[in-house]
Amino acid sequence: MVENSVPRTKRKRGLVIQWFQPQDTPRERKLINKLDLLIVPYAFLAYWVKYMDQSNLNNAYVAGLKEDLGFQGNELVQLQTMYIIGAVLGQIPFMFLFTYVPMHWVIPFLDVAWGIFTLLQYRVTGFAELAAYRFLVGWFEAAFFPAMHYIFGAWYRSDEIARRGGVFYLGLTLGTLTAGLIQAGASERLEGVKGLAGWRWMYIICALITIPIGVIGYFVLPGTPDRPNRLLLSEEDVAVAKERLQRDGHVTEGKFSWKGLAKIAKTWHFWGLILFDIFFWNGSISTSTGGYLLWIKSLGRFSKAKVNELGTISPALGMFYTVAICFASDLVLGPAWAITVAHVWNIIGLIIQVIWEVPEGALWFSFMTTYSAVAMSSVLYGWVNSQLKAAPAERAFTLVLINTVAQSTTAWTPLLVFKTVEGPRFTKGYSFVLANAVCLIGMAHVLRIYLAKKE
């Protein structure tokens, strides 16, 4: 196993912005361009609506949902937990299905289903109903992230994944940003239209964006080399893809088996990756707990629309962080150091949030660093892809399982450290996230050293 398939000599030369490698033939470059146009834009759009539909709860909460539904306690964090429970349980079947069912069937179906349950949230009348919808949105969103990384790993070499994953991951920050803008517009222009509050209109608008993108997925996703979408790819395309991957040590076929599961469960690095991912998920939960929006609202000088508009600044900066970190990982730093850079910046903001009693400008700055925490997600999962390129079934299982186990921890940790009634000053929460960010950096270098010795 190696840290990354890019030769180290290339990293020593400094930053060289390139989309192809010198060894790629003209025919391979044509195929890569085709795959990029099919996979990357759809992945970006679908992840955009995923995070728009996930984060819109926080925007609705500060835009009137809390008052309209009579919430008084920790309902916000409990609803966030219901989403996580759905997302965790929904991933489990896909450890087995990724290598059996064509991915260009699975992903569009899930996209449309989560769009339907996003829509139904506009009609909620109480906590229990909203909790059920949040669970189902989480269930149908569950497999999307590991599924897209499975597709990336099925078509691209190790040195090609992170920057394409980075473009894909821009959807997270853009989705969060868009949800804020939609809610701001709905609060300002649609409040009371057809007898509906502005936050209810937001769910309708989000669903009208989500469902068509899900339908489009069937026509644009190329599947995987062993189960390609024949509407899009010729036999020659698939043959060229398999040949270029096999030269790099990739295996393009293989099904899940219990024997393979037992084999990978006996390896040290498998458990190390689970721990690594746990630190990542808990070192970035402050992006989803609503602390930034609750703090802006607590200042008491902004309208509902303005609160949501200001809430888009942090995820907008996250788009820059994501591009910078993912390209730097592929072209200059490698995974471990790219993760380090991202989370050092995150740690600076978290230290300010733990102290809290600082000038208001310092708190604004601290919240501007928040999305650096998730900027390295595609670096981490691209690293996992590259380590398991020789075993598709093990790769599918590992991608899903580490994501499932790590995300499951965030179903209960916010209930302990990000209680809504303690907001916006979540001292326990920000301290917890800070500790995980430090551990994440340490684990990245433990893994880097281990893999270097294996090489």
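Ile-211 is a residue of helix 9, which spans residues 198-220. The model described here is predicted. Because its relative accessibility is 26%, Ile-211 counts as partly exposed. Leaving aside residues up to four places away in sequence, Ile-211 touches Val-112, Gly-115 and Ile-116.

Among contacts with a separation of 6 or more, 82% are between residues 24 or more positions apart. The chain has 455 residues, of which 63% count as buried. Its secondary structure comes to 21 helices and 2 strands.

**Two helix pairs**

The packing of two helix pairs is described next. Helix 2, residues 26-68, and helix 7, residues 144-155, have axes that come within 11 Å and cross at roughly 170°. The two helices are therefore roughly antiparallel. Helix 2 passes helix 7 in a left-handed crossing. On the side of helix 2, the contact is formed by Leu-35, Ile-39, Val-40, Ala-43, Ala-46, Tyr-47 and Lys-50. Helix 7 meets them with Phe-144, Phe-145, Met-148, Ile-151, Phe-152 and Trp-155. Sorted by class, this contact comprises 12 nonpolar residues, no polar residues and 1 charged residue.

The second pair is helix 16, residues 335-355, and helix 21, residues 427-454. Their axes lie 9 Å apart and pack at an angle of about 160°, so helix 16 and helix 21 are roughly antiparallel to each other. Their crossing is left-handed. From helix 16, the residues in contact include Trp-337, Ile-339, His-343, Asn-346, Leu-350 and Gln-353. From helix 21, they include Tyr-430, Val-433, Leu-434, Ile-441, His-445 and Arg-448. By class, the contact of helix 16 with helix 21 has 16 nonpolar, 7 polar and 1 charged residues.

**Positive phi in two loops**

Most residues other than glycine have a negative phi. Lys-194, although not a glycine, has a positive phi of about 55°. Lys-194 is found in the loop between helix 8, residues 158-189, and helix 9. Trp-356 likewise has a positive phi, near 65°, and is a residue other than glycine. Its position is the loop that joins helix 16 to helix 17, the latter covering residues 360-368.

**Cysteines and accessibility**

A disulfide is a covalent bond between the sulfur atoms of two cysteines. A search of the whole structure finds 0 disulfides. Cys-206 counts as buried because its relative accessibility is 0%. Cys-326 is also counted as buried, at 0% relative accessibility.

The table collects the accessibility of the individual residues discussed above.

| Residue | Relative accessibility | Class |
|---|---|---|
| Ile-211 | 26% | partly exposed |
| Cys-206 | 0% | buried |
| Cys-326 | 0% | buried |

Key: Residues are numbered from 1 along each chain as its sequence is written. This is a predicted model: local features need pLDDT of at least 70, side-chain atom pairs count only at pLDDT 80 or more; totals for chains, interfaces and linings use all residues. Side-chain values use heavy atoms; hydrogens and water are left out. Axes are lines fitted to C-alpha atoms, for helices over the stretch in contact, and angles run from 0 to 180 degrees between N-to-C directions. Helices (H or I, at least four residues) and strands (E, at least two) are DSSP runs, numbered from the N terminus. Angles under 35 degrees count as roughly parallel, over 145 as roughly antiparallel, 65 to 115 as roughly perpendicular and the rest as oblique. A crossing is left-handed if the near helix is turned anticlockwise from the far one by less than a right angle, and right-handed if clockwise. Contact means heavy atoms within 4.5 Å. Ala, Val, Leu, Ile, Met, Phe, Trp, Tyr, Cys and Pro count as nonpolar, Asp, Glu, Lys and Arg as charged, and the others, Gly among them, as polar. Buried means under 20% relative accessible area, exposed over 50%, partly exposed in between (1.4 Å probe, protein chains only). A disulfide is a pair of cysteine sulfur atoms within 2.5 Å.
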